[in-house]
Amino acid sequence: MAEPALVLEGVAAGYGETVVLEALGFALDEGESASLIGRNGVGKSTLLATIMGHTDLHRGSIHGAGQTLSRLAPHRRARAGLGYVPQEREVFPSLSVLENLAVAARSGTGRHAGRWNTAAVFELFPQLAERRSNRGNQLSGGEQQMLSIGRALMGNPSVLLMDEPTEGLAPVIVEQLARALKRLRDSEGLAILLVEQNTRVALEFSARVMVMNRGRIVYDGPGATLAADRGRLDGLIGVGGG
């Protein structure tokens with residue numbers, strides 16, 4: 001049996017002495033996709049930042065790509081197979097689309113080696129191909145988000161972490177991104193953890209949904225169960241709970 005693509009065990013993490021995540025654990029199999037939802041401020045972005053090594057890990061362990069990642073620097077986690085799409089997009093404003101993609105290019109390892117290159121990114125996001133010579137600060141918000149996703153893919157990751165990719169975008173762009181994300185979901189072997197504030201997008205994206213509340217995962221199971229019972233979903237998220 002193949003090892004999971006990503007495993008968190010008993011993770012407690014935060015910023016300095018402030019603990020945001022408490023006793024958190026789950027596994028993501030190779031090729032599996034999962035959505036993570038919850039109210040603002042419950043720790044969703046902190047979870048992705050912790051997996052990438054951008055927070056202080058107080059307890060627990062993180063494993064991926066057949067090794068322990070817990071104490072590795074962020075750039076070494078990326079080389080080990082983690083791809084990260086941050087909430088702020090963070091494209092290089094003075095570099096062209098092509099240059100933004102080129103600086104992130106890595107061959108990857110194993111079955112993921114060499115799958116993603118500029119041609120593959122432009123096939124996924126044709127709009128970027130048309131803007132290939134434009135600088136990052138000349139792109140719309142939706143185009144910057146496409147570029148951020150494409151840049152993460154250029155590292156040929158085995159696990160892709162995406163932090164609220166549809167936030168602040170017009171509905172028509174949200175639908176474009178949702179279609180692209182589903183294509184990524186169906187890519188052979190790529191595990192995806194999607195943090196998404198748009199519940200509809202999250203529930204449609206993956207069969208497995210995790211709900212966070214106050215730094216803990218309070219539900220991990222079929223999204224269809226929550227889609228069919230909005231009251232239960234609201235209760236898990238803590239709507240109206242302050």
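1. In strand β8 (191-195), the residue V195 is the bridge partner of D163, and D163 belongs to β7, a strand that spans residues 159-163. The two strands β7 and β8 pair in the parallel sense over five bridges, where pairing requires that DSSP finds at least two bridges between two strands. Helices (H or I, at least four residues) and strands (E, at least two) are DSSP runs, numbered from the N terminus. The model is a predicted one, in which local features need pLDDT of at least 70 and side-chain atom pairs count only at pLDDT 80 or more, while totals for chains, interfaces and linings use all residues. Residues are numbered from 1 along each chain as its sequence is written, and side-chain values use heavy atoms, with hydrogens and water left out.

2. Strand β7 also has a partner in β6 (residues 82-85), to which it is joined by four bridges in a parallel arrangement, with Y84 standing opposite L161. Five of the five residues of β7 are buried, so the strand is largely enclosed by the rest of the structure; buried means under 20% relative accessible area, exposed over 50%, and partly exposed in between (1.4 Å probe, protein chains only). Both faces are covered, with V159, L161 and D163 on one side and L160 and M162 on the other. In a regular strand the side chains alternate between the two faces of the sheet.

3. Helix α7 (residues 171-185) has 15 residues and reaches 21 Å from its first C-alpha to its last, close to the 21 Å expected at 1.5 Å a residue; the expected span is 1.5 Å times one less than the number of residues. Its buried residues are I173, V174, L177, A178, A180, L181 and L184, and what covers them includes β7, β8, α4 (118-124), α6 (141-153) and α8 (199-205).

4. Helix α6 is mostly covered, since 12 of its 13 residues are buried, among them M146, L147, I149 and R151. The cover of these buried residues includes β6, β7 and α7, and also α3 (97-102), α4 and α5 (126-130). The end C-alpha atoms of α6 are 19 Å apart, which agrees with the 18 Å that its 13 residues should span at 1.5 Å a residue.

5. In the loop between α6 and β7, N156 deserves a careful look, for N156 has a positive phi of about 50° although it is not a glycine, and at 4% relative accessibility N156 counts as buried. A23 likewise has a positive phi, of about 45°, and is not a glycine; A23 has its place in strand β2 and, at 53% relative accessibility, counts as exposed.

6. An open sheet of four strands has the order β2-β1-β4-β5, with antiparallel pairing, and its edge strands are β2 (18-28) and β5 (67-68), each of which pairs on one side only. Within this sheet, seven bridges join β1 (residues 6-15) to β4 (residues 56-64), and L8 stands opposite I62 in β4.

7. F26 lies in strand β2 and is buried, with a relative accessible area of 6%. Not counting residues up to four places away in sequence, F26 touches several residues, including L6, L47, I51, L193, M210 and I217, where contact means heavy atoms within 4.5 Å. The C-alpha atoms of F26 and L6 are separated by 8.3 Å, although the two residues stand 20 residues apart along the chain.

8. Strands β9 (residues 208-213) and β10 (residues 216-222) pair in the antiparallel sense over six bridges, with R216 of β10 as the bridge partner of N213. Their hairpin has two residues between the strands, and there R214 takes a positive phi near 55°.

9. For the protein chain as a whole, the secondary structure comes to 10 helices and 10 strands. Its radius of gyration is 17 Å, close to the 18 Å that the globule rule gives for 242 residues, so the chain is as compact as a globular protein of that length; the radius is taken over C-alpha atoms, and the rule is 2.2 Å times the number of residues to the power 0.38. Buried residues make up 52% of the 242 residues.
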